[in-house]
Amino acid sequence: MQDCTTHQSRFTAYLDRELPPLERDRLEAHLAACPACAREWRLFTLTLDQVAALRHDQPPSDLLPGIRARLARPTLWQRLRDLVRHPDFSLSLPAATATVVAAMAVGLFLKMGLQPQLPHQPAPSVPGPVAAHRPAPIAVADSGLAAMSHQDGAFFSHARAAHPPMAPELAPLHPDIFITVRATSPHDLSLLHDALAERQLAARPTGPHGLVLHLDPLDLPLLREALGDREAVVFPPESVIPGYPHPKKPLTVAIRLR
Amino acid sequence: MIEHDVAGLVRALREGNDEAFSRLVRIYQARIWNLTRAYVKDEEEAKDLTQDIFVTAYRSLGHLRDDAKFGGWLYQLALNHCRNRYKRLKRRGFFSNLSLDDPDHPIPLSQGDSPERQYERRNTAEAVRSAIAAMSATEKEILLLRDLQELSYEEISAILEIPLGTVKSKLNRARLALKERLRKRLE
């Protein structure tokens with residue numbers, strides 16, 4: 001005598017008419033005699049009907065145009081290759097200069113053992129286009145260690161606060177990847193933010209021209225997708241090439257529009 | 001659909017006929033869309049995923065050895081994309097409202113008591129998608145390929161690279177598991 005579980009394990013074969021005649025007759029006799037299995041058989045076929053009903057779901061009408069648009073964009077690899085072949089110094093030089101100047105300022109502070117400038121007192125060597133909107137002063141760290149931070153679209157130095165814990169928006173950033181994107185319209189930042197959000201990449205603004213996000217190195221292709229066909233300079237360039245061995249995760253990526 | 005039509009389109013695409021690609025997309029878009037929609041449940045994710053799959057297919061067509069096997073190859077590509085996207089979404093808690101990969105705890109399905117049939121149908125479809133999305137990867141894929149895509153056991157065996165007998169036994173288990181997840185709604 002076979003139990004109910006054994007009979008139910010043959011539902012698919014029965015449906016496909018693949019059961020040998022003897023087994024088929026046994027199952028049919030059992031279904032006629034066992035109300036519990038009869039109910040399970042009914043639920044089984046109803047389940048298949050529910051799945052089959054999903055076949056009628058029509059795809060969005062803009063699927064093909066979307067695919068065409070994606071194919072029309074050069075891949076990030078192609079863009080990087082083009083940038084290497086035809087470097088665009090007009091875009092990257094200001095960013096590089098600002099970074100070098102900021103680094104020199106930090107080095108000078110460390111060498112002289114001076115307390116670094118607080119955020120509301122911009123470092124003299126680093127221009128701060130929106131300095132007026134900078135946050136309230138942070139308690140000076142007893143360690144005196146300086147860290148680079150990206151606030152309001154400009155890099156400047158400030159103290160690493162130990163007590164109390166620094167507010168998240170004031171926490172020092174150490175970007176692993178810098179991306180400078182050429183801005184073509186005033187809405188570029190929000191469009192880029194939305195493109196990242198669509199791919200589940202949570203970016204937060206660091207001012208009117210900057211975004212910062214933390215992501216797993218595996219998600220770099222998503223970031224590349226979000227950048228789309230925007231003209232961009234990446235530093236270090238090899239960091240976005242698939243397979244590049246990133247030493248840590250998540251990565252911090254600073255994006256700046258210029 | 002006649003397979004040699006697809007093979008002809010793939011050959012035309014290889015020869016640089018871009019219209020052939022549009023026709024291939026039109027042939028397969030509903031099936032790939034239904035697959036991704038049921039796999040990740042979310043409509044926007046499914047749309048993005050479907051587009052990704054076709055873009056990848058276009059760019060990696062050189063890896064397809066036999067033009068007549070485009071369909072199976074596309075399904076393999078699609079399932080790889082679905083698995084990766086699903087893992088990434090799950091890691092981010094995208095499905096946190098579902099009891100993912102936990103067959104011992106069926107998803108609590110809301111009782112659709114709306115008088116409007118359309119609403120009820122949509123609600124049921126969402127419940128079915130939720131239940132499918134929460135299944136284990138192998139069960140989900142076999143079930144979708146058979147009951148949603150209506151592929152033969154031989155095709156499923158080739159796509160998933162598992163023996164025919166395993167396809168059949170796992171399909172029965174998957175159907176029974178889905179039945180349990182939908183029990184409250186169906187009874």
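**Chain folds, packing and contact**

Modeller: Read along its sequence, chain B follows the pattern α-α-α-α-α-α-α-α. Please keep in mind that this is a predicted model.

Biologist: How many helices and strands does that give for chain B?

Modeller: Chain B has eight helices and zero strands.

Biologist: And what is the secondary structure of chain A?

Modeller: Chain A comes to nine helices and seven strands.

Biologist: What about contacts between residues at least 24 apart in sequence?

Modeller: Counting contacts between residues at least 6 apart in sequence, 65% of those in chain A join residues at least 24 apart. For chain B the corresponding share is 66%.

Biologist: Let us stay with chain B. How do helix 2 and helix 3 of chain B cross?

Modeller: The axes of helix 2 (residues 18-40) and helix 3 (residues 43-59) of chain B come within 9 Å and cross at roughly 140°. That angle makes helix 2 of chain B oblique to helix 3 of chain B. The crossing of these two helices of chain B is right-handed.

Biologist: Which residues make that contact?

Modeller: From helix 2 of chain B, the residues include B:Phe21, B:Val25, B:Ile32 and B:Trp33. Helix 3 of chain B contributes, among them, B:Ala46, B:Leu49, B:Ile53 and B:Phe54. The residues of the contact between helix 2 and helix 3 of chain B divide into ten nonpolar, three polar and three charged.

Biologist: Now the contact between the chains. How many residues does each chain give?

Modeller: Chain A gives 26 residues and chain B gives 32. On the side of chain A that touches chain B, the elements giving two or more residues are helix 2 (11-15), helix 4 (35-53) and helix 5 (63-72) of chain A.

Biologist: Which of them gives the most?

Modeller: Helix 4 of chain A does, with nine residues. The side of chain A that touches chain B divides into 15 nonpolar, eight polar and three charged residues.

Biologist: In which sense do strand 5 and strand 7 of chain A pair?

Modeller: Strand 5 (residues 210-215) and strand 7 (residues 251-257) of chain A pair in the antiparallel sense over six bridges. The bridge partner of A:Leu215 in strand 7 of chain A is A:Leu251.

Biologist: Finally, where is A:Arg230 found?

Modeller: A:Arg230 is found in the loop between helix 9 (220-227) and strand 6 of chain A.

Biologist: Why does A:Arg230 count as partly exposed?

Modeller: A:Arg230 has 18 other C-beta atoms within 10 Å, whereas a buried residue needs 20 or more and an exposed one has 12 or fewer.

Biologist: What is A:Arg230 in contact with?

Modeller: Leaving aside neighbours within four places in sequence, A:Arg230 is in contact with A:Val181 and A:Arg182. The C-alpha atoms of A:Arg230 and A:Pro74 are separated by 9.7 Å, and the two residues are 156 apart along the chain.

Note on methods: Residues numbered from 1 in each chain as written. Chains lettered and ligands numbered in written order. Predicted model: local features only at pLDDT ≥ 70, side-chain atom pairs only at ≥ 80, totals over all residues. Helix = DSSP H or I, 4+ residues; strand = E, 2+ residues; numbered from the N terminus. Contact = placed C-beta atoms within 7 Å. Axes fitted to C-alpha atoms, helices over the stretch in contact; angles between N-to-C directions. Parallel < 35°, antiparallel > 145°, perpendicular 65-115°, else oblique. Left-handed = near helix turned anticlockwise from the far one by under 90°. Nonpolar A, V, L, I, M, F, W, Y, C, P; charged D, E, K, R; others polar. Pairing = 2+ DSSP bridges.
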